[in-house]
Amino acid sequence: MRFMMVLSAALLGLAPAAFGEESKLYDPSIKHQPKDGVVRFYGAGGPHTAFQKVADAWKAKTGKTVEITAGPESTWSAKAQADADILWGTSEQSMTAFLETYKTFSSEQVEPIYVRPTIIAVKKGNPKGIHGFDDLLRDGIKIVVTEGAGIANTSGTGTWEDVAGRLGRLDDIRAFRRNIVDFSKGSGASLKAFQAKDADAWVTWPDWPVTHSDVLEQVDLAPERTIWRDVNVAQSPEADPETAEFLAFLVTPEAQALMATEGWVR
């Protein structure tokens with residue numbers, strides 16, 4: 001009984017920090033006023049290169065511009081709180097975190113639009129001969145993983161352990177973890193760590209080897225190891241009128257063909 005009382009008191013003490021922490025990026029003094037004649041589209045890096053291809057095609061058809069801002073959330077959060085017409089989330093958990101900061105948007109507005117699989121990125125030329133998951137467990141293989149660590153909003157959070165634990169074998173997770181040389185807080189940071197630490201493999205998404213083909217190439221995971229995460233969008237209820245038109249174009253066959261060049265499918 002005494003143990004239960006002490007545990008309960010400890011949990012109560014942790015409650016504000018562990019269970020109800022406000023987003024540190026949210027600024028209640030910022031008024032959301034996106035209707036300014038420009039469609040503004042914000043999110044984490046990765047999908048932005050494919051989105052830009054679609055935005056360019058849409059501009060060619062309509063003459064209308066979509067301004068795309070990508071990167072670590074802290075670099076654009078204040079501006080997005082003021083003028084975002086659309087947010088994209090690089091996974092469901094990423095968008096859920098966004099909704100803690102961008103109060104005008106709600107879960108009911110979120111629409112998954114594309115998915116992509118986890119893959120292994122290796123050095124160009126694949127010098128270590130990595131052809132699948134089991135090769136990542138070899139002695140001496142150096143792996144980078146993307147992990148938000150509770151402080152960064154990134155689609156890569158948890159992907160490595162989902163892949164490693166996919167078959168329910170604890171030894172796979174142990175062996176994989178022993179070979180991790182960097183837990184990077186974001187995909188851009190992972191690419192930097194991959195190069196700085198002379199790593200052999202990085203569990204990531206197909207768009208990174210496509211857009212960095214000078215240093216990376218893709219190795220597919222077997223279907224039983226592959227996990228899929230979506231990219232989703234949310235439109236502000238106060239968005240510019242052209243926003244809905246662009247989002248409709250974003251899932252047309254023409255746009256799907258452009259998105260597929262970087263591994264995004266429907």
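Visitor: In which sense do strand 1 and strand 2 pair, and over how many bridges?

Guide: This is a predicted model. In it, strand 1 (residues 39–43) pairs with strand 2 in the parallel sense, over five bridges. Within that pairing, glutamate 67 of strand 2 is the bridge partner of arginine 40.

Visitor: What is the strand order of the open sheet?

Guide: The order is 2-1-3-10-4, five strands with mixed pairing. Strand 2 (66–70) and strand 4 (110–117) are at the edges; each has a single partner strand, so one side of each lacks a neighbour in the sheet. On average, neighbouring strands are turned by 20 degrees against each other, direction ignored.

Visitor: Which strands does helix 2 touch?

Guide: Helix 2 (residues 48–62) packs on the sheet and touches strand 1, strand 2, strand 3 (86–89), strand 4 and strand 10 (228–235). Its direction makes about 175 degrees with that of strand 2.

Visitor: And where does helix 9 lie?

Guide: Helix 9 (residues 242–249) lies across strand 1, strand 2, strand 3 and strand 10, and runs at about 160 degrees to strand 10.

Visitor: Switching to helix 7. Which of its residues are buried?

Guide: In helix 7 (residues 187–196), the buried residues are Ser187, Ser190, Leu191, Ala193 and Phe194. Seen down the helix axis they fall within an arc of 165 degrees, so they line one face. Lys192 and Ala196, on the other side of helix 7, are exposed.

Visitor: What do the buried ones pack against?

Guide: Their contacts include strand 5 (119–123), strand 7 (180–184) and helix 8 (207–211).

Visitor: Now the rings. How many aromatic pairs are there in the whole structure?

Guide: The search finds 13. One of them joins phenylalanine 41 and phenylalanine 246, edge-to-face, at 5.9 Å centre to centre with 75 degrees between the planes. Phenylalanine 41 is in strand 1 and phenylalanine 246 in helix 9, 205 residues apart.

Visitor: Is phenylalanine 41 buried or exposed?

Guide: Phenylalanine 41 counts as buried, at 0% relative accessibility. Phenylalanine 246 is also buried, at 0%.

Visitor: Which residues form the aromatic cluster?

Guide: Phe41, Phe51, Trp58, Trp88 and Phe246 form one cluster.

Visitor: Last one: which ring does arginine 116 lie over?

Guide: Arginine 116 lies over the face of tryptophan 205, at 4.0 Å from the ring centre. Lysine 103 lies over the face of tyrosine 26, at 4.9 Å from the ring centre.

Conventions: Residues are numbered from 1 along each chain as its sequence is written. This is a predicted model: local features need pLDDT of at least 70, side-chain atom pairs count only at pLDDT 80 or more; totals for chains, interfaces and linings use all residues. Side-chain values use heavy atoms; hydrogens and water are left out. Two strands pair if DSSP finds at least two bridges between them. Helices (H or I, at least four residues) and strands (E, at least two) are DSSP runs, numbered from the N terminus. Axes are lines fitted to C-alpha atoms, for helices over the stretch in contact, and angles run from 0 to 180 degrees between N-to-C directions. Contact means heavy atoms within 4.5 Å. Buried means under 20% relative accessible area, exposed over 50%, partly exposed in between (1.4 Å probe, protein chains only). The arc is that of the directions from the helix axis to the C-beta atoms. Rings of Phe, Tyr and Trp (its six-membered ring) pair if their centres lie within 6.5 Å; planes under 30 degrees apart count as stacked, over 60 as edge-to-face and the rest as tilted. A charge sits over a ring if NZ of Lys or CZ of Arg is within 6 Å of the ring centre and within 35 degrees of the ring normal.
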